[in-house]
Structure formats: C-alpha cells, structure tokens
Amino acid sequence: MSRIGKAPINIPKGVQISISDKNLVTVKGPKGTLMQNVDPTITVKQEDGIINVSRPSDAKPHREMHGLYRALIANMVQGVTEGYVIQQELVGVGYRATVKGQRLDLSLGFSHNVAFELPSEIKVAAAQEKGKNPIIRLESADKQLIGAVAAKIRGLRKPEPYKGKGVRFVGEVVRRKAGKAAGK
C-alpha cells in the first residue's frame with residue numbers, strides 16, 4: 001500500500017470540502033477556492049474532519065493514482081489555509097524587476113525589457129535593497145500554478161555556470177565552472 005496514499009488528510013478549521021458525484025473535490029478556505037477532478041476509480045471520503053483516499057486494487061495504475069490524488073488534495077488544503085510563497089533573485093549587473101498590477105517587467109541584460117503577464121490568482125511583489133540582488137516574491141494558494149509561473153520566469157534567463165548570472169530561486173546553489181585556463 002502506498003505510504004503517501006494511505007495517510008489521512010486533516011481538515012483545519014475554516015476549510016470547507018465538498019466532493020461531488022463526479023469526483024470533483026472542491027476546497028474552500030480563507031486564501032481562496034481550489035478544485036481538482038479525481039479519477040473515477042479512486043475513492044475520496046470525508047468523515048469527522050479527515051479525508052481518506054482509497055483505491056480499488058493493487059494494480060499499478062491504481063497505486064500510481066492513489067498517492068498522486070492524496071498529495072494533490074493535501075496541497076489544496078495547505079494552499080487555502082497557509083498559501084505558497086516562492087522567492088526568486090535576479091543575479092547580474094543591471095538586472096531589475098518592477099511590478100505594475102499583474103505585469104512583471106524584467107530587465108535581464110537583453111536589448112529590451114521582458115514583460116511577463118501573471119495570472120490573477122498570483123500576487124507578485126518586487127523588492128530592491130541597496131547592495132543586494134533584486135527579489136521577486138510570488139504568492140498563491142495553487143501550488144501547481146505558482147510552480148509553473150516561477151519556472152517560466154526562471155526560464156527567461158537561467159543561471160549560467162561561469163559567472164552565476166540569471167534568475168534563480170532564493171537559496172538555490174548554482175554549480176560553478178572554472179573559466180578558460182590562461183595561456184603560458
């Protein structure tokens with residue numbers, strides 16, 4: 001049995017969960033509302049403030065989906081109560097970030113600025129302190145969405161291994177390479 005799949009999900013106070021007949025799980029909380037379609041073979045039950053996910057057999061597809069849907073529902077519960085935060089830093093001379101509503105304007109060393117439109121579910125803030133790298137702070141209740149957006153922003157200018165310039169997650173370690181060896 002899947003260790004992740006058989007773990008129960010505790011429902012915190014202030015969170016409402018509804019499971020429809022068509023296996024649509026809806027989670028409402030102080031930070032928003034999230035929905036997830038669950039495969040019809042997987043059973044989701046709510047009783048006494050706990051959600052249990054079960055599977056019909058030990059067949060490989062059922063084992064795979066068992067842990068997956070339990071993790072997705074647990075992420076939704078955590079998202080609507082606490083939310084998720086991802087911070088990215090811009091490392092490089094002249095790299096800047098400014099926010100105008102849901103538009104992130106990035107100066108990443110190209111001949112032009114890069115304008116990045118963010119979904120309405122994500123809150124964004126950019127901070128610049130003197131002597132430190134600019135930091136972009138993304139905040140959302142949806143873990144999948146915030147991860148995908150952060151990956152797209154990082155993909156605009158990935159950290160390069162020689163000088164370490166680029167967009168990276170705060171705390172990310174970039175493996176550095178030695179440059180070209182000097183001649184005689």
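This is a predicted model: local features need pLDDT of at least 70, side-chain atom pairs count only at pLDDT 80 or more; totals for chains, interfaces and linings use all residues.
Mentor: Residues are numbered from 1 along each chain as its sequence is written, and side-chain values use heavy atoms, without hydrogens and water.

Trainee: What makes Lys31 and Glu139 a salt bridge?

Mentor: The definition asks for a side-chain nitrogen of Lys or Arg within 4 Å of a carboxyl oxygen of Asp or Glu. The closest N and O atoms of Lys31 and Glu139 are 3.9 Å apart, so the pair qualifies. Lys31 sits in the loop between β3 (24-29) and β4 (32-37), and Glu139 in strand β12 (residues 135-140), 108 residues apart.

Trainee: Why is Lys132 called exposed, and why is Glu129 called partly exposed?

Mentor: Buried means under 20% relative accessible area, exposed over 50%, and partly exposed in between (1.4 Å probe, protein chains only). Lys132 has 53%, so Lys132 is exposed; Glu129 has 48% and therefore counts as partly exposed. Their side chains meet in a salt bridge at 3.8 Å, N to O.

Trainee: How do you know that β5 and β6 pair?

Mentor: Strands (E, at least two residues) are DSSP runs, numbered from the N terminus, and two of them pair if DSSP finds at least two bridges between them. There are 5 bridges between β5 and β6 (residues 50-54), so they count as paired, and they run antiparallel. Within this pairing, Gln46 stands opposite Ile51 in β6.

Notes. Helices (H or I, at least four residues) and strands (E, at least two) are DSSP runs, numbered from the N terminus.
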